[in-house]
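Have the sequence and the 3D view at hand as you read along.

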Amino acid sequence: MAACEFSRSGMAGKLLSFESQLDKPDTTICNLAHEFSQAFSHGRNETQADELWTKMKEEAKKDVEEEPLLGSYYVSAILAHDTLESALATHLGYRLGTPSLPGPNLAQVFQAVFSEDRAIGAEVREDLKAIKERDPACVSYVQIMLNFKGFLAIQAHRVAHRLWLMGRVPLALVIQNRVSEAFAVDIHPGARVGKGVLLDHATGTVIGETAIIGDNVSILHNVTLGGTGKVVGDRHPKIGDGVLVGAGTHVLGNVRVGAGAKIGAGSVVLKEVPESTTAVGNPARLLGGRENPVKLTKVPSFTMDQTYEWSDYVI
């Protein structure tokens, strides 16, 4: 979760190198894919296999065999690339680009950040594994990469966050806006997001500037991690490791949700939630009461169990 500092001049050099390719008349997605892959692979120990990336390419080939119509799309998005980072940078550029902000230009920005800050690659892989393990609707890694907008929104945010830390505020905010328009997910570039995070469905998710999300967190759709008004400074929620946040939940203000806690769907949380407890309702209350809350024995973000026991709950 610690902020990672890196050289703005180093990234600028990579961007200038990539941007020079756009001046060539024969520049294509495949050309850029090669440039991106070479940039990322430089200095890598070639004996270290990227098993997840290998699996994703195998899945892509299988999909193309079953659906030849997808051939050119899968080639440009996955199969033309030597690294996961190259494929992700190109795909994000394609999904977020506009006529006035071309996809190849955005792809260069993403790739430059991925190349400069290698820790993002590890976070990307942890997010992929988290989704595959926790979402029963997920059939393959390649489908996450191409079609799961919660995953794509988080990865674009990781880049925007690095740009924000570098002081490149206008570009970071443009990426935030494009992610909001394309994926219906609004994450301020100042927010800090851990690894192994699942945004399930993701539509309507809003995360404020000073929010912090820990590792291995699962968040469903239409969730707000927001402020309470016009207060400035540190004003957004802090979500601990292993937390499960149910659909339609709103956590407001600089409140802490402890590690391993569970927030029931449709809840409005305005006060601290202790670790390994369940809060539900509007306003949210702890199951068992604040003096003797019921303690969870399993990590809710892993189990994805969104039920809870009410002693007086009947239909």
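In this predicted model, helix H3 (residues 51–66) and helix H4 (residues 71–79) pack at an angle of about 175 degrees. Angles over 145 degrees count as roughly antiparallel, and H3 and H4 are therefore roughly antiparallel to each other. Their axes lie 10 Å apart. On the H3 side, the contact is made by Trp53, Met56, Lys57, Ala60, Lys61, Asp63 and Val64. H4 contributes Gly71, Tyr74, Ile78 and Leu79. By class, the residues of this contact are seven nonpolar, three charged and one polar.

Next comes the sheet. Four strands form an open sheet in the order E2-E5-E8-E11, and the pairing is parallel. Strands E2 and E11 sit at the edges, each pairing on one side only. Two bridges join E2 to strand E5, in the parallel sense, and Arg192 has Ile212 in E5 as its bridge partner. The residue ranges of three of these strands are listed here for finding them in the viewer.

| Strand | Residues |
|---|---|
| E2 | 192–193 |
| E5 | 212–213 |
| E11 | 256–257 |

The largest cavity holds about 30 Å³ of space. Its lining consists of Leu244, Gly246, Lys262, Ile263, Gly264, Ala265 and Gln306. Sorted by class, the lining of the largest cavity has three nonpolar residues, three polar residues and one charged residue.

Terms used:
Residues numbered from 1 in each chain as written. Predicted model: local features only at pLDDT ≥ 70, side-chain atom pairs only at ≥ 80, totals over all residues. Heavy atoms only, no water. Axes fitted to C-alpha atoms, helices over the stretch in contact; angles between N-to-C directions. Parallel < 35°, antiparallel > 145°, perpendicular 65-115°, else oblique. Contact = heavy atoms within 4.5 Å. Nonpolar A, V, L, I, M, F, W, Y, C, P; charged D, E, K, R; others polar. Pairing = 2+ DSSP bridges. 1 Å grid on protein atoms, 1.4 Å probe; cavity = no way out; pocket = protein on both sides within 12 Å on 5 of 7 lines; lining within 4 Å. Points joined across faces, edges and corners; volume = space filled by probe spheres on them.
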